[in-house]
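Me: I have a structure open and would like to go through it piece by piece. Can you take my questions as they come?

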Amino acid sequence: MPKLTIGLVLPDVLGTYGDDGNALVLRERARRRGIDAAIERIMLDDDVPPTHDLYTLGGGEDAAQLIAAARLSASPGLQAAAADGKPIFAVCAGLQVLGHTFRAHGNEVEGWDFWTSPPLPCPSALPASSPRRRRAPASPQSCRSH
């Protein structure tokens, strides 16, 4: 039976909204397909191993984002896993930490700058005829610089 290891990254920090459920669902879906799947909880004091098959990151408040960003920067395992093409499923604050910048406690904070393409601009900054205007983020936070 094939084996799948899911890394649940920093659930003690990025687990405010029960985000371990994402890893649980992935494990169950794999098992239903005959894949022996296991979840490894990677806590704040642990180094992120680059050897898992995929990783999940959850959500949290501003303080949790700052802690997670600092910890992930200090432990290069997730970066190495991503460089090897391992999937990373991130939601909420976990996704924001992986971006270029994020806002926490009213300040713009440097993120991981994980993405290879620039973020979509604020819809109002695009020409009305642009097809990207319909897909661009519309949240006030994404438009602060415009």
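Reply: The questions below go through the sheet, the cores and a few single residues of this predicted model.

Me: Start with the sheet. What is the strand order?

Reply: The order is β2-β1-β3-β4 in an open sheet of four strands, and the pairing is parallel.

Me: Which strands stand at the edges?

Reply: β2 (36–42) and β4 (88–90) do. Each has a single partner strand, so one side of each has no neighbour in the sheet.

Me: And the twist, how much is it?

Reply: From one strand to the next, the twist averages 20°.

Me: What holds strands together in general?

Reply: Strands of a sheet pair through backbone hydrogen bonds, in either a parallel or an antiparallel way.

Me: OK, back to this one. How many bridges are there between β1 and β3?

Reply: Four bridges, in the parallel sense, with β1 covering residues 3–9. Within this pairing, V9 stands opposite L57 of β3.

Me: Which helix packs on the sheet?

Reply: Helix α1, residues 20–32, touches β1, β2, β3 and β4. Its direction makes about 165° with that of β2.

Me: What is the length of α1 from first to last C-alpha?

Reply: α1 has 13 residues and reaches 19 Å, close to the 18 Å expected at 1.5 Å a residue. After α1 comes G34, with a positive phi near 80°.

Me: New topic. Which residues touch the most other members in the largest nonpolar core?

Reply: That core has 22 residues, and V9, L14, V48, Y55, L57, L72 and L78 touch the most other members. Two or more residues each come from β3 (54–57), α2 (62–74), α3 (77–83), α4 (92–97) and β5 (101–104). α2 gives the largest share, four residues.

Me: What about T5, buried or exposed?

Reply: T5 counts as buried, because its relative accessibility is 18% and the cut-off for buried is under 20%. T5 is in strand β1. Leaving out residues up to four places away in sequence, T5 touches A38, H52, D53 and L54.

Me: Now β5. How does it pair with β6?

Reply: β5 and β6 (residues 107–110) pair in the antiparallel sense over four bridges. T101 stands opposite E110 of β6. The hairpin has two residues between the strands, and H105 there takes a positive phi near 55°.

Me: What is usual for phi?

Reply: Most residues other than glycine have a negative phi.

Me: So which other non-glycine residue has a positive value here?

Reply: L10 is one of them, with phi near 55°. L10 lies in the loop between β1 and α1, while H105 lies in the loop between β5 and β6.

Me: Are those two buried or exposed?

Reply: L10 is buried, at a relative accessible area of 0%. H105 is exposed, at 52%, because exposed means over 50%.

Key: Residues numbered from 1 in each chain as written. Predicted model: local features only at pLDDT ≥ 70, side-chain atom pairs only at ≥ 80, totals over all residues. Heavy atoms only, no water. Core = buried A, V, L, I, M, F, W, Y, C linked by side-chain atoms within 4.5 Å. Buried < 20%, exposed > 50% of the residue type's maximum accessible area, 1.4 Å probe, protein only. Pairing = 2+ DSSP bridges. Axes fitted to C-alpha atoms, helices over the stretch in contact; angles between N-to-C directions. Contact = heavy atoms within 4.5 Å. Expected span 1.5 Å × (residues − 1).
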